[in-house]
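Me: I'd like to learn how to read a few features of a protein model. Could you walk me through them?

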Amino acid sequence: MKQLSDPEVAHRLAVSAAARGWIPREKRPDPSNIGLEVWGRKFSNPIGLAAGFDKNAEAFDGLLGLGFGFVEVGSVTPVPQEGNPKPRIFRLPEGAIINRCGFNGEGIVAVAKRLGAQHAKRKLDETSRNSSSPTDEAKHKGKAGPGILGVNLGKNKTSEDAAADYVQGVHTLSQYADYLVINVSSPNTPGLRMLQGRKQLEDLVKKVQAARDEMQWGEEGPLPLLVKIAPDLSKEDLEDIAAVALALCLDGLIISNTTVSRPDPVSKNPVAREVGGLSGKPLFNLSTNILKEMYVLTKGKIPLIGCGGVSSGGDACQKIRAGATLVQLYTAFGYGGPALIPQIKAELAECLERDGFKSITEAVGVDCR
């Protein structure tokens, strides 16, 4: 299939449009049966935009306005970096993308500046709107206003102290986020996935949690800290990650990042030979199976975010039934555009109703019991 435009240029244009508010704003309320509370924060719906789309926190306000329940920006590294040589994003006709970007981004200072400016603007708006005592509703809003904002942290390619990079992310960006993610699963930064090993992950999470816990927090307590894992893990790897997550009381896991495998039908496409992580529809089964395994291993005690191949409300429902409390997408949004979001939410609400669930919470993990 001939590529009509360079995928990276198309992505840049989409981010610019969202940053300038040249995209629709969702004014309709979400179906009542898809709202939920996680980490003491109210999500109007469980459908989020995964990290990688808004790497530099340029467009999250516009993206939340599209109707996402939450948006995750990043991955953000301490120092700006170019990433890998171009071309590095490849479309496949199977509703998939291969990317080997390598944490290209403007770095932590630029992101902090944008998040800080938006945070100050929100505070000002809230003060002028709500000069009397804050309502319970206002308390439950995210740091980015009506939606929830996550910040995904990465490490620089040349950094020799990964923990120091993530700690810097915590110190600099925590105040603007509703949750933080330690990304140890991108296949495009050499050695990064090694941090998923039991000892390495345990040491890393302890250091990052300590950095978070030594900061001053309000009545809501410390910021939730999650880890994003790869789908290309053995049973033993998953058991190790689950053990660390439970022992250190991790606030959540994102399952999963892109895959270095090439599941059918992608394997037959010549583009599949390109090095990088595969996302989109062909990742759905692999990531959902890993999600199920992790739900069982963590005994349903840790909120899981299901990510990988979601392109419909039915897919989102399957992720939830497989153990996800929240769901993320990215590739399908790239292909389907803004109209996809209300469609997914409506389909998910119908799906829950059809299966006899009054809420998301009732449906979480039912296929694992």
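Reply: Gladly! Helices (H or I, at least four residues) and strands (E, at least two) are DSSP runs, numbered from the N terminus. Here, threonine 288 lies in helix α8, residues 284–297. This is a predicted model, where local features need pLDDT of at least 70 and side-chain atom pairs count only at pLDDT 80 or more, while totals for chains, interfaces and linings use all residues. Residues are numbered from 1 along each chain as its sequence is written, and side-chain values use heavy atoms, with hydrogens and water left out.

Me: Is threonine 288 buried or exposed?

Reply: Buried means under 20% relative accessible area, exposed over 50%, and partly exposed in between (1.4 Å probe, protein chains only). Threonine 288 has a relative accessible area of 6%, so this residue is buried.

Me: What is threonine 288 in contact with, leaving aside its neighbours within four places in sequence?

Reply: Contact means heavy atoms within 4.5 Å. With those neighbours left aside, threonine 288 touches Lys319 and Ala322.

Me: Where is asparagine 152 placed?

Reply: Asparagine 152 belongs to strand β7, residues 148–153. Its relative accessibility is 0%, so asparagine 152 counts as buried. Beyond its neighbours within four places in sequence, asparagine 152 has contacts that include Ala51, Glu72, Val181 and Lys228.

Me: Which side chain forms a polar contact with that of asparagine 152?

Reply: A polar contact is a pair of N or O atoms within 3.5 Å; within protein, one must be able to donate a hydrogen and the other to accept it, and residues adjacent in sequence count only if both atoms are side-chain atoms. For asparagine 152 the partner is glutamate 72, at 2.9 Å.

Me: How many aromatic pairs does the structure hold?

Reply: Rings of Phe, Tyr and Trp (its six-membered ring) pair if their centres lie within 6.5 Å; planes under 30 degrees apart count as stacked, over 60 as edge-to-face and the rest as tilted. The structure holds 7 such pairs. In one of them, phenylalanine 53 and tyrosine 330 have ring centres 5.9 Å apart and planes at 85 degrees, so the pair is edge-to-face. These two residues are 277 residues apart, and their pair links distant parts of the chain. Phenylalanine 53 is buried at 6% relative accessibility, whereas tyrosine 330 is partly exposed at 28%.

Me: Which residues form one aromatic cluster?

Reply: Trp39, Phe43, Phe70 and Tyr179 do.
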